[in-house]
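User: Can you walk me through this one? I'd like pockets, charge pairs and a few individual residues.

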Amino acid sequence: MMPSWPARALMAVVRGYRLMLSPWLGNACRFEPTCSRYSLQALEQHGALAGSYLTVHRILRCNPWCDGGHDPVPHNPPRLFTRFVSPSMARASASSSSSESPHD
């Protein structure tokens, strides 16, 4: 499924950051995948609102007191956003995520 235009616009901003600013700032991300890759995955998988929420939440966790480590994008949207998703979309998302390979 193709992301909505707001999600695609936000993904373009993240790609611009990766192209223009990230090389100057260096690779200092504590997490795997990096915060920008996480953001792209979250926006593609969950759309503009939930993807932005997940991205901001991830960036706020990236601080000197955080250990970091492996932190993939969750398969389900945050609970705050589940009421905005119709039950049929939630079932379709759950069935498609269960059929995906865990090693991509």
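User: What volume does the second largest pocket have?

Analyst: About 370 Å³ of space lies in that pocket. Keep in mind that this is a predicted model.

User: Which residues are closest to its centre?

Analyst: Tyr17, Ser22, Cys29, Cys35 and Ser36 are the closest to the centre. The lining has 15 residues.

User: Which elements give two or more residues to that lining?

Analyst: Helix H1 (5-20), helix H2 (22-25) and helix H3 (35-61) do. H3 gives the most, with 5 residues.

User: And how does the lining split by class?

Analyst: There are 7 nonpolar, 7 polar and 1 charged residues in the lining of the second largest pocket.

User: Switching to charges. How many salt bridges does the structure hold?

Analyst: It holds 3 salt bridges. In general, side chains of opposite charge can pair when their charged atoms come close.

User: Start with Arg37. What is its salt-bridge partner?

Analyst: Glu32 is the partner of Arg37. Their closest N and O atoms are 3.1 Å apart.

User: Why does Arg37 count as partly exposed?

Analyst: Arg37 counts as partly exposed because its relative accessibility is 32%. Glu32 is partly exposed too, with a relative accessible area of 38%.

User: OK, now Arg58. What does it pair with?

Analyst: Arg58 forms a salt bridge with Asp71. The closest N and O atoms are 3.4 Å apart. This pair links distant parts of the chain, 13 residues apart. Arg58 sits in helix H3, and Asp71 in the loop between strand E2 (69-70) and helix H4 (79-82).

User: Are Arg58 and Asp71 buried or exposed?

Analyst: Both are buried. Arg58 has 1% relative accessibility. Asp71 has 16%, which is under the 20% cut-off, so Asp71 counts as buried.

User: What about Arg61?

Analyst: The side chains of Arg61 and Asp71 meet in a salt bridge, 2.8 Å from N to O. Arg61 counts as partly exposed, at 27% relative accessibility.

User: Which residues are linked in a network of salt bridges?

Analyst: Arg58, Arg61 and Asp71 are linked in a network.

User: Let's stay with Asp71. What does it touch, leaving out residues up to four places away in sequence?

Analyst: Asp71 touches Phe31, Glu32, Pro33, Tyr38, Arg58 and Arg61. A polar contact of 3.4 Å joins its side chain to that of Arg58.

User: Which backbone oxygen lies 2.5 Å from a polar atom of the Arg58 side chain?

Analyst: The backbone oxygen of Pro33 does. Pro33 is also among the residues that Asp71 touches.

User: New topic: Ala50. Where is its place?

Analyst: Ala50 is in helix H3. Ala50 is buried, with a relative accessible area of 4%.

User: What does Ala50 touch, not counting residues up to four places away?

Analyst: Pro78 and Phe81.

User: And how far is Ala50 from Asn76?

Analyst: They are 10.0 Å apart in space, C-alpha to C-alpha. In sequence, 26 residues separate the two positions.

User: Zoom out for me. How many helices and strands are in the chain?

Analyst: The protein chain has 5 helices and 2 strands. Along the sequence, the pattern reads α-α-β-α-β-α-α.

User: What share of the chain is buried?

Analyst: Buried residues make up 27% of the 104 residues.

User: Last one. Among contacts between residues at least 6 apart in sequence, what share join residues at least 24 apart?

Analyst: The share is 67%.

User: Give me a quick recap of the charge side.

Analyst: The structure holds 3 salt bridges. One joins Arg37 and Glu32. Arg58, Arg61 and Asp71 are linked in a network.

How values were computed
Residues numbered from 1 in each chain as written. Predicted model: local features only at pLDDT ≥ 70, side-chain atom pairs only at ≥ 80, totals over all residues. Heavy atoms only, no water. 1 Å grid on protein atoms, 1.4 Å probe; cavity = no way out; pocket = protein on both sides within 12 Å on 5 of 7 lines; lining within 4 Å. Points joined across faces, edges and corners; volume = space filled by probe spheres on them. Helix = DSSP H or I, 4+ residues; strand = E, 2+ residues; numbered from the N terminus. Nonpolar A, V, L, I, M, F, W, Y, C, P; charged D, E, K, R; others polar. Salt bridge = Lys/Arg side-chain N within 4 Å of Asp/Glu carboxyl O. Buried < 20%, exposed > 50% of the residue type's maximum accessible area, 1.4 Å probe, protein only. Contact = heavy atoms within 4.5 Å. Polar contact = N/O pair within 3.5 Å; in protein donor to acceptor, adjacent residues only side chain to side chain.
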